[in-house]
Structure formats: C-alpha cells, structure tokens
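This report covers selected features of the structure shown below.

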Amino acid sequence: MFKKLDPLLHSELRLAVMSILVGVDDADFVYIKNKTGATAGNLSVQLDKLSEANYITVKKGYKGKKPCTTCAVTDVGIKAFEEYVEALRDYIARPDKE
Amino acid sequence: METKNKMTAEQSLKLINETIENNRRVITKKNGSYYILWGILLSVISLVIFFLWDKTGSAAWNLLWFSMPIIGHPLALLLDRGEEKVPGSFLSRLTAWIWGIFGVFSLSLALIAFFWVPMNLSLVIILLFGFAECISGITLKSWPVIVSGLIIGLGGAVLAAGVLATSASQILLFTLAGVVLILTGVLIKIQK
C-alpha cells in the first residue's frame, strides 16, 4: 500500500513555495513570486491555503514605508514536507506502481 | 506557475530538487559579490602595508589590517542594498561563521605573536585563510571556491616558508590571495 500523497503539497505552486521555504529562514512575498514565476493573486491564494494548514506562517509588516509580507515554514510544514518526499520516493521505488 | 495538481511523483521530486538547487545557487552567487569586495580590499590594503613597511622598515604598518573590517563592512551593507535580496539561511549563516572564526583566530594569533610567541604569522594566517576558503567552498558546493582555497592556503604556505625572504614581502601573499578571491568571485558570478 502506497503512502498517501499530501494533496496540499501535491500542487506545483504550493510545492515550489514549500521547497523554497524549507531552505531558508524566511522569505518575502516578492522573492517567492520571482522564484516561482507565479502571479501575485495566485500566490496569495496558495500562501493562504498553506497558512491555514499551519504549514507556513505569514507575517505582514513594513520595511520602512513599504508593506512587506514574510513567510516562513513551520515545524508542522517541515514534517509534512519530509513525509511528502518520503511518500514520493516510496512511490518511485516500488516496481509495481501503476 | 500554475497550480497543477496532476504532477507525477517524478515531476514532484524534480521540482523539489530544482527549487532547492536554485536556492543554493542564489546564495552562492551572492557570495561571489562578497568575494570580489573582500578580494579588492585585501589586495589594496596588503599592497599599501607592503609598500609602507618596505619603505620605512616599520612593522607597525600592519595595524592597517584593522581598517579592512572598518571599510569592508559598510561597503558590504551598500552592496546588499544594490543587489537582489537573498533570504537568510543556515548556509549563509554557516559561511559567515566560518569567516568570523577565521577573523578571531587571525587576531588572536597576531596578539600571541606580538606579546608572547614570535612566529611566522603570515604562514599561519594564509594557511588558515585557505582552510576557511575550502570549508566555505564545501559548504556552498562551489568548486572554484574550494580550489582557490587550496591554491591560497597551500601555495601561500609554501611561499611564506620558502621563497619570500623578508617579512615585508610575505605581505604580498595576501595580495595574491586577494587576486585569487576576486577571480573566484567573478567565476561564481558568471557561472550559470
């Protein structure tokens, strides 16, 4: 029986966001948008979904007078990401996969 | 990037690997700018010290080494403003710590050599420099940095122990180290 793939992470943009955030302390919205190539609206929606699941934290603040949104992965998010990667490897390693 | 939900497992793993690798490359490229900055400072300051020490015969000009962090850190901050902001990470902190520890060791050895145990300070510091460079390169998975560390550390130690006779001319090792740093930084920046 295969491990179930987390549907929240099994999405190209959300997975890219999590992959960026697991490698850094935190990242601002603009950085994530530039690295993923996503539109601002779409990225915002996906960040909200990840935040609702407690996979990331989203902090809205200011840098000088400019608004700045900063995201960071949570321990729950790291664990979910690790389990997702493990499930992927398990799926790829099995010779009887469909 | 769309919110595709029908990626295969292979595609997902590929996306993860590529994203993490891109992140690492961004951090490495940012370090390239710092290598160029500190390489220029090292070359210029070492040349100034060599010139003044050689002309006056006074080793006190080595105190000018303290000008390096005083000039370098504000310039590094200016450099940060001009370039793409790169998020902090364990990798960037580790690299900063490596060089911080190198600075602490160098300063401590200089004080020990001055007050207690005279030693071939240039040889020891250039070896430490090369070591720090190599470890940074391994951390960043950057072959140019690892190789430049080997060249600076081992090559510099051989020159300091042998060919370069007078204490003043050993300072030129650091000029050479600076040039190697600049070339390393340029190589990192132009790498795709």
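## A buried position in chain A

A residue counts as buried when its relative accessible area is under 20%, as exposed when that value is over 50%, and as partly exposed in between. The model is a predicted one. A:Ala16 has a relative accessible area of 2% and is therefore buried. A:Ala16 belongs to helix H1 of chain A, which covers residues 12-21. Between A:Ala16 and A:Gly77 there are 61 residues of separation in sequence, and their C-alpha atoms are 13 Å apart.

## Chain A as a whole

Chain A contains four helices and three strands. Their order along the sequence is α-β-α-α-β-β-α. The C-alpha trace spans about 55 × 25 × 20 Å along its principal axes.

Chain A has 98 residues, of which 44% count as buried. Its accessible surface is about 5,600 Å², and carbon and sulfur atoms hold 53% of that surface. Among contacts in chain A with a separation of 6 or more, 55% join residues 24 or more positions apart.

## Helices H1 and H3 of chain B

Two packed helices are described by the angle between their axes and the distance between the axes. In chain B, helix H1 (residues 9-56) and helix H3 (residues 90-115) have axes that come within 10 Å and cross at roughly 30 degrees. Because of that angle, H1(B) is roughly parallel to H3(B). Their crossing is right-handed.

On the H1(B) side the contact involves B:Arg24, B:Ile27, B:Asn31 and B:Tyr35, and on the H3(B) side B:Leu91, B:Ser92, B:Thr95 and B:Trp99. By class, the residues of this contact of H1(B) with H3(B) are four nonpolar, three polar and one charged.

## Helix H7 of chain B and its partners

Helix H4 (residues 121-140) and helix H7 (residues 172-190) of chain B have axes that come within 11 Å and cross at roughly 10 degrees. This makes H4(B) roughly parallel to H7(B). The crossing of H4(B) with H7(B) is left-handed. From H4(B), B:Ser122, B:Ile125, B:Ile126, B:Phe129 and B:Glu133 take part, and they meet B:Leu173, B:Phe174, B:Ala177, B:Leu181 and B:Thr184 of H7(B). The contact of H4(B) with H7(B) has seven nonpolar, two polar and one charged residues.

Helix H5 (residues 143-161) of chain B also packs with H7(B): the axes come within 10 Å and cross at roughly 170 degrees. H5(B) and H7(B) are therefore roughly antiparallel to each other. H5(B) contributes B:Pro144, B:Val145, B:Ser148, B:Ile152, B:Gly156, B:Leu159 and B:Ala160, while H7(B) contributes B:Leu173, B:Leu176, B:Ala177, B:Val180, B:Thr184, B:Leu187 and B:Ile188. The contact of H5(B) with H7(B) divides into 11 nonpolar, three polar and no charged residues.

B:Ser136 is in helix H4 of chain B. It counts as buried, because its relative accessibility is 0%. With neighbours within four places in sequence left aside, B:Ser136 is in contact with B:Tyr35, B:Thr95, B:Ile98, B:Trp99 and B:Val145. Of these residues, B:Tyr35, B:Thr95 and B:Trp99 are also among those that make the contact between H1(B) and H3(B).

B:Ala132 is also placed in helix H4 of chain B. Its relative accessibility is 5%, so B:Ala132 counts as buried. Not counting residues up to four places away in sequence, B:Ala132 touches B:Ile98, B:Trp99 and B:Phe102. B:Ala132 and B:Ala59 are 73 residues apart along the chain, with 26 Å between their C-alpha atoms.

## Loop residues with positive phi

Most residues other than glycine have a negative phi. A:Asn54, which is not a glycine, has a positive phi of about 65 degrees. A:Asn54 is located in the loop between helix H3 (40-52) and strand E2 (56-63) of chain A. Its relative accessible area is 41%, so A:Asn54 is partly exposed.

B:Lys141 is not a glycine either, and has a positive phi of about 55 degrees. The loop between H4 and H5 of chain B holds B:Lys141. With a relative accessible area of 61%, B:Lys141 is exposed.

Note on methods: Residues are numbered from 1 along each chain as its sequence is written. Chains are lettered from A and ligands numbered from 1 in the order in which they are written. This is a predicted model: local features need pLDDT of at least 70, side-chain atom pairs count only at pLDDT 80 or more; totals for chains, interfaces and linings use all residues. Side-chain values use heavy atoms; hydrogens and water are left out. Axes are lines fitted to C-alpha atoms, for helices over the stretch in contact, and angles run from 0 to 180 degrees between N-to-C directions. Helices (H or I, at least four residues) and strands (E, at least two) are DSSP runs, numbered from the N terminus. Angles under 35 degrees count as roughly parallel, over 145 as roughly antiparallel, 65 to 115 as roughly perpendicular and the rest as oblique. A crossing is left-handed if the near helix is turned anticlockwise from the far one by less than a right angle, and right-handed if clockwise. Contact means heavy atoms within 4.5 Å. Ala, Val, Leu, Ile, Met, Phe, Trp, Tyr, Cys and Pro count as nonpolar, Asp, Glu, Lys and Arg as charged, and the others, Gly among them, as polar. Buried means under 20% relative accessible area, exposed over 50%, partly exposed in between (1.4 Å probe, protein chains only). Accessible areas come from the Shrake-Rupley method with a 1.4 Å probe; for residues, only the protein chains shown count as cover.
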